[in-house]
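Student: I have a structure open and I'd like to learn how to read it feature by feature. Could you walk me through it?

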Amino acid sequence: MNEERLTGVKIGVVLTGSHCTMDAARQQMTQLKQAGAIIYPIISSTVDTTDNRFYPVAELKQFLRGISDQPIINTIVGAEPIGPGRWLDLVVVMPATGNTIAKLANGIVDTPALMAIKAHLRNQRPVVIAISTNDALGINARNLGALLNMKNIYFVPFRQDDPYQKGNSLVANLDQVVDTAVCALQGKQLQPLILGTL
């Protein structure tokens, strides 16, 4: 049961452009809220502006406004005060694209999503990453490795989603977001981290 496990915990939920994963991410935002969290929605520039075959942007923003009493953060300037203001207890990045993890691992901050993560990390507070990318075991493997070894970074357990057709692809098991968040707030990585294929 998820009820009450995150009561009063202020969570910045960062959505980046793995559009095919967004429906599952929205379900997990609902789970976080049902567990008592206070949700701060944060969206990348791509999510902010890109209608796609999975959802129209206006519909996604309507959902975000409905699940949170906080305004949607969709600019770098809007995300920067997260650090000095110590707004959040936890940041959850879901879905986290390969582009986002590559930039994060290399200290590049050029989107609202990355600014939110950087601003939060300056306070030595936990960030949970729910990876969703087709190149995690390819060109992005070194960035994944860097983040796995970084202080205050925790991962939602992940698996190869299609090892024979997309051998480099990894996707987080979003059903474990709440459990990962609870563990991260205790300074622990939820285990097992690497899951078997479905």
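Predicted model: local features only at pLDDT ≥ 70, side-chain atom pairs only at ≥ 80, totals over all residues.

Student: Let's start with charges. How many salt bridges does a search of the whole structure find?

Tutor: The general idea is that side chains of opposite charge can pair when their charged atoms come close. Here the search turns up 5 salt bridges. One of them pairs Arg26 with Glu59, with the closest N and O atoms 2.9 Å apart. Arg26 sits in helix α1 (residues 22–34) and Glu59 in helix α3 (residues 57–67), so this pair links distant parts of the chain, 33 residues apart.

Student: Is Arg26 buried or exposed?

Tutor: Arg26 is buried, at a relative accessible area of 10%. Glu59, with 32%, counts as partly exposed.

Student: Which residue does Asp48 meet in a salt bridge?

Tutor: Asp48 meets Lys61, with 2.7 Å from N to O. Asp48 lies in helix α2 (residues 45–49) and Lys61 in helix α3, so the pair ties together parts that are 13 residues apart in sequence. On accessibility, Asp48 is buried at 15%, and Lys61 is buried at 16%.

Student: What else does Asp48 touch, leaving out residues up to four places away in sequence?

Tutor: Besides Lys61, the contacts of Asp48 include Ile43, Val57 and Asn74. For a sense of scale, Asp48 and Leu185 are 28 Å apart in space, C-alpha to C-alpha, and 137 residues apart in sequence.

Student: And where does Lys103 come in?

Tutor: Lys103 forms a salt bridge with Asp110, at 2.8 Å from N to O. Lys103 is buried, with a relative accessible area of 18%, while Asp110 is partly exposed at 38%.

Student: Now helix packing. At roughly what angle do the axes of α1 and α3 cross?

Tutor: Roughly 10°, and the axes come within 11 Å. Angles under 35 degrees count as roughly parallel, and α1 and α3 are therefore roughly parallel to each other.

Student: Which residues of α1 and α3 meet?

Tutor: First, the general idea: an α-helix has 3.6 residues a turn, so residues three or four places apart point the same way. In this model, Met22, Arg26, Met29, Thr30 and Lys33 make up the α1 side. On the α3 side they meet Glu59, Leu60, Phe63, Leu64, Gly66 and Ile67. By class, this contact has 6 nonpolar, 2 polar and 3 charged residues.

Student: How do the axes of α5 and α7 cross?

Tutor: The axes of α5 (residues 98–105) and α7 (residues 141–148) cross at roughly 60° and come within 9 Å. The two helices are therefore oblique to each other, and α5 passes α7 in a left-handed crossing. From α5, Ile101, Ala102, Leu104 and Ala105 take part, meeting Asn143, Leu144, Ala146 and Leu147 in α7. The residues of this contact divide into 7 nonpolar, 1 polar and no charged.

Student: Why is α5 called largely enclosed by the rest of the structure?

Tutor: Because 6 of its 8 residues are buried. Those are Gly98, Thr100, Ile101, Ala102, Lys103 and Leu104. Their cover includes β3 (90–96), α6 (112–121), β4 (127–133), α7 and β5 (153–155). After α5 comes Gly107, with a positive phi near 70°.

Student: Which residues other than glycine have a positive phi?

Tutor: As background, most residues other than glycine have a negative phi, and most peptide bonds are trans. Among the positive cases here, Arg86 has a phi near 50° and is found in the loop between α4 (76–79) and β3. Arg86 is partly exposed, at 44% relative accessible area. Asn152 has a phi of about 70° and sits in the loop between α7 and β5.

Terms used: Residues numbered from 1 in each chain as written. Heavy atoms only, no water. Axes fitted to C-alpha atoms, helices over the stretch in contact; angles between N-to-C directions. Helix = DSSP H or I, 4+ residues; strand = E, 2+ residues; numbered from the N terminus. Parallel < 35°, antiparallel > 145°, perpendicular 65-115°, else oblique. Left-handed = near helix turned anticlockwise from the far one by under 90°. Contact = heavy atoms within 4.5 Å. Nonpolar A, V, L, I, M, F, W, Y, C, P; charged D, E, K, R; others polar. Salt bridge = Lys/Arg side-chain N within 4 Å of Asp/Glu carboxyl O. Buried < 20%, exposed > 50% of the residue type's maximum accessible area, 1.4 Å probe, protein only.
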